Amino acid sequence: MIDRNRKITSGCATFANLNCLVRLSKQDLIFPFYHTVAKQPLPHVSHLYTVRNEAEFEQDLDYMLKSFKPQSLEEYQGGKKRSGDKPSMVLTFDDGLAECHDFVAPLLKKKGVPAAFFLNNHFIDNRGLFYRYKASLLIEQVKTDSLVLEQVASYLDIPEKRVVESILLIDQDQVSLLDALLKEINFDVAGYLKKSPVYLSTKQVMDLLSWGFEIGGHSPAHTDFSRLVPKEILNQVRSSVEDLQARFQISTRYFSFPFTSAGISSEVIHSLLNEGVASVLMGTAGLKKTDKKDLSREFPWKSLMALPG
């Protein structure tokens with residue numbers, strides 16, 4: 001039965017429209033999320049995931065707005081539903097990337113769509129760079145310069161044809177290797193961040209808030225929580241949320257798990273909510289059951305939108 005339903009909903013996504021999926025799923029609320037929108041390819045992300053351009057993003061919005069009524073996280077948390085017969089959607093963006101201020105927010109303001117932006121505290125003002133973005137920058141150099149490809153292959157002592165896949169396998173415990181490779185090819189990360197800012201600045205975050213958008217934590221440095229013990233997870237969430245509250249004078253306590261919420265136990269979710277560390281937690285691995293009533297209102301399941309057409 002599950003496989004049959006999947007085939008039906010997949011068919012709807014491909015050949016019909018969102019209304020079909022809404023009717024079949026009986027969902028009255030969705031949580032689409034993005035990372036960024038860009039006019040041109042971004043070397044720090046282009047080898048990790050596909051980025052929608054402005055026209056494509058506007059098309060996405062128009063497509064979703066035909067079937068869903070947008071609402072803010074505050075409205076969602078308060079149980080408030082916007083007037084109308086349409087189901088609702090809460091739009092969010094992870095990682096706090098610079099384009100959210102320059103391209104995303106103006107379009108959302110124009111269309112009257114609220115959104116929440118989840119930030120990595122240590123990267124605001126471009127004070128650092130997520131290790132996966134460093135990997136993408138390295139791959140960009142490897143793919144565009146044969147001498148760099150040769151250098152990296154020699155450094156890693158592997159065939160040139162395996163360089164890209166090997167770079168993508170580097171995890172957060174091997175950041176020093178990424179840094180060594182970038183140094184080996186004389187790539188200046190700080191210079192790149194200065195010339196082409198990756199993240200939002202403090203002023204840009206304040207602009208977003210003044211325009212009526214919301215912000216939340218996404219961990220200090222985009223850590224893989226599956227590698228952490230419960231106490232470390234609680235500390236990471238608390239640190240991220242409290243820093244934003246102090247820095248931007250906000251009272252909200254929203255948090256979106258970096259990478260995925262898979263592996264985050266119900267007990268941890270329960271502790272974060274009951275101890276008031278966060279009021280809304282967002283993840284990509286489905287709802288977590290605890291003894292807290294109406295948990296779905298505090299732990300929505302966001303999903304990266306991949307719209308037909």
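**Salt bridges and nonpolar cores**

Arg227 is partly exposed, with a relative accessible area of 41%; this class lies between buried, under 20%, and exposed, over 50%, as found with a 1.4 Å probe on protein chains only. The model is predicted, and local features need pLDDT of at least 70, side-chain atom pairs count only at pLDDT 80 or more, and totals for chains, interfaces and linings use all residues. Residues are numbered from 1 along each chain as its sequence is written, and side-chain values use heavy atoms, with hydrogens and water left out.

Side chains of opposite charge can pair when their charged atoms come close. Arg227 forms a salt bridge with Asp171 at 2.8 Å, N to O; the term denotes a side-chain nitrogen of Lys or Arg within 4 Å of a carboxyl oxygen of Asp or Glu. Arg227 belongs to the loop between strand E7 (214-217) and helix H12 (230-248), while Asp171 belongs to the loop between H8 and H9, so that this pair links distant parts of the chain, 56 residues apart. Helices (H or I, at least four residues) and strands (E, at least two) are DSSP runs, numbered from the N terminus. Asp171 is itself partly exposed, at 21%.

Arg227 also meets Asp173 in a salt bridge of 2.6 Å, N to O. Asp173 lies in the loop between H8 and H9, so this pair ties together parts that are 54 residues apart in sequence. Asp173 counts as exposed, at 55% relative accessibility. Together with Asp224, the residues Asp171, Asp173 and Arg227 are linked in a network of salt bridges.

The structure holds ten salt bridges. Another of them joins the side chains of Asp207 and Lys203, at 3.3 Å, N to O. These two residues are four apart in helix H11 (residues 202-210), which means that about one helical turn separates them. Asp207 counts as buried at 16% relative accessibility, whereas Lys203 counts as exposed at 57%.

The largest nonpolar core has 32 residues, of which Val152 and Ile167 touch the most other members. Such a core is a set of buried Ala, Val, Leu, Ile, Met, Phe, Trp, Tyr and Cys residues joined through side-chain atoms within 4.5 Å. Two or more of its residues come from each of helices H6 (131-144), H7 (146-156), H8 (163-168), H9 (175-184) and H10 (189-195). H6 supplies the largest share, seven residues. Beyond its neighbours within four places in sequence, Val152 is in contact (heavy atoms within 4.5 Å) with Leu138, Val142, Val163, Ile167, Leu181 and Ile185. A second, separate core of 29 residues includes Leu61, Val104, Ala105 and Ile250.
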